[in-house]
Amino acid sequence: MEFRDLKKQYRVLRSEIDQRIQEVLSNTAFIQGSHVTELEALLADYTGMKHCITCGNGTDALQLALMAWGIGEGDAVYVPDFTFFASAEAIAMVGATPVFVDVRKETFNIDVDQLGRAIRKTLKDGTLNPRAVVAVDLFGQPAEYDGIRELTNQYGLLLLEDGAQGFGGAAGGRRCCSFGDISTTSFFPAKPLGCYGDGGALFTDCDEWNELLRSLKVHGKGDSKYKNVRIGMNSRLDTIQAAVLLAKFRHFAEAELKSVNLIADLYTAGLAGLVRTPVVKQGYYSSWAQYTVRLKDAQEREGLQKYLKKQNIPSMIYYPEPVHSQKAFAVVRYDDRDFASTIELCHTVLSLPMHPYLEEWEVEEVIAKIREYNEQK
Ligand SMILES: *Cc1c(COP(=O)(O)O)cnc(C)c1O
C-alpha cells in the first residue's frame, strides 16, 4: 500500500499526460509557453478569481504576496503554529516577524479567538505593526474565513490564504484560493493537485497586485524583460509542469476530489470509537491533502505507527514539531503555554494513507489493523 500513490495515478492518466508533455517537447517553449497561460486561465476560472499567476513553488508564492504588499521589518504577520514550516518561513524571509497562533484540535486550523487575542497583544505591546494574517487550509480544509475576515476588517489587516493543501476544498459556496486578498497554492507532487516537480500559483481579484506579482516573479521586470524597475525573484512555473497540470486538472476536479471524499467517509465511519477522527465543519468541503487521526498520547501513536508498519501500511506524522519551537526561530522567545493545542497535536497526530486511487478494500484493511491494534493492547 502506498501513502500517496503517484505511480497508479500516472498509469491511469498516462496517455493524456504523455501527450501534453510531448507538445512542449515538440514546440520547445519551455519557459512561459502557451500551456502556462492556458493553465492560469483555467485555474482562475475554477477558483472564481480574476487573476491566477503561476510561479516556481508554494513557498515563493507566499513570499511574492508579502513582497507585493511591502511587508518587512517591524511588521507582525500572524500564522498558525501547526503548519508546514514554509508558511512562517516566508514571513521571516521578507524581514517581518511571524506571530504564531494556536490552532483548534478538531480541525487543525487557526483558532480565531486566539488570533484576536494575539492581534490585541501586539497592539498593546506597541513594538510591531500588525499587517497581515497568513491563514492555512491545513490538510485540505479551509480555515474559518468568516471569523478571520471579521478580525482582518476590524484591525485593517491583509489576508493571505496559504492554500497549498487546500486546493479543491470549499466553504460557503466558495473554493479554496478565493478567500484571501491574495491566495496561494503549491503543485508539489504530493499536494491535492500536484505536478511532476515544483510549482505554485497566486490568486487575486486585484489588477494592481496582479501586475506587481507578474513583475516580481520575473526579476522585477518593467515594460520589457530587460527593463528592471524593482528587485524581484526568478520564480516561474515550467511549461512542462503546466502541461502536466492541464492533463491532470479535469480528473482532479471531476473524479479525484469525489474519490478522496468517499475514502474519508469510509475511514471516519470505520474508525469511530477507535481513534479521534478529523472533523470537517458544517458547510465545509475538504480536498483531503491528509487524513489525520489523533491518538490518546505519544506512546499510543508510536505503538500504532509501528504496528501498521509491520503490516506494510505506511503512515506519517504531520507535524512532529510546532513551528515556534523550530531551531530556525530560536532567536525569538515564545511561551509554550500559548500553544497547548499545537503541542498536543504534535504528540498525537497520525496521517493515514490517502489518495484518489486507494481501493475500498485497502481502506478496510487499514481500519481492520487499527481495530486489531486497539484490541491487542
Ligand atoms: C507544501 C506547503 C507549502 C510550500 O509549498 P512548496 O511548493 O513545497 O514550496 C506552504 N505551505 C503549506 C501549508 C504547505 O503544505
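1. Let's start with V280, which is partly exposed at a relative accessible area of 32% (buried means under 20%, exposed over 50% and partly exposed in between, with a 1.4 Å probe and protein chains only). A quick word on the source: this is a predicted model, where local features need pLDDT of at least 70, side-chain atom pairs count only at pLDDT 80 or more, and totals for chains, interfaces and linings use all residues. Residues are numbered from 1 along each chain as its sequence is written, and side-chain values use heavy atoms, leaving out hydrogens and water.

2. V280 sits in the loop between α8 (239-271) and β10 (284-285); helices (H or I, at least four residues) and strands (E, at least two) are DSSP runs numbered from the N terminus. Beyond its neighbours within four places in sequence, V280 is in contact with Q141, Y285, S286 and W288 (heavy atoms within 4.5 Å). The C-alpha atoms of V280 and G140 are 9.8 Å apart, although 140 residues separate them along the chain.

3. Now to the ligand, which 14 residues surround, the closest being G58, T59, D162, S186 and K191 (a heavy atom within 4 Å). This shell divides into 4 nonpolar, 8 polar and 2 charged residues, with Gly counted among the polar ones.

4. For S186, a polar side-chain atom lies 2.6 Å from a ligand oxygen atom. An N or O atom in the K191 side chain is likewise 2.6 Å from an oxygen atom of the ligand. Taken alone the ligand exposes 380 Å², of which the protein buries 92% (Shrake-Rupley method, 1.4 Å probe).

Notes
Polar contact = N/O pair within 3.5 Å; in protein donor to acceptor, adjacent residues only side chain to side chain.
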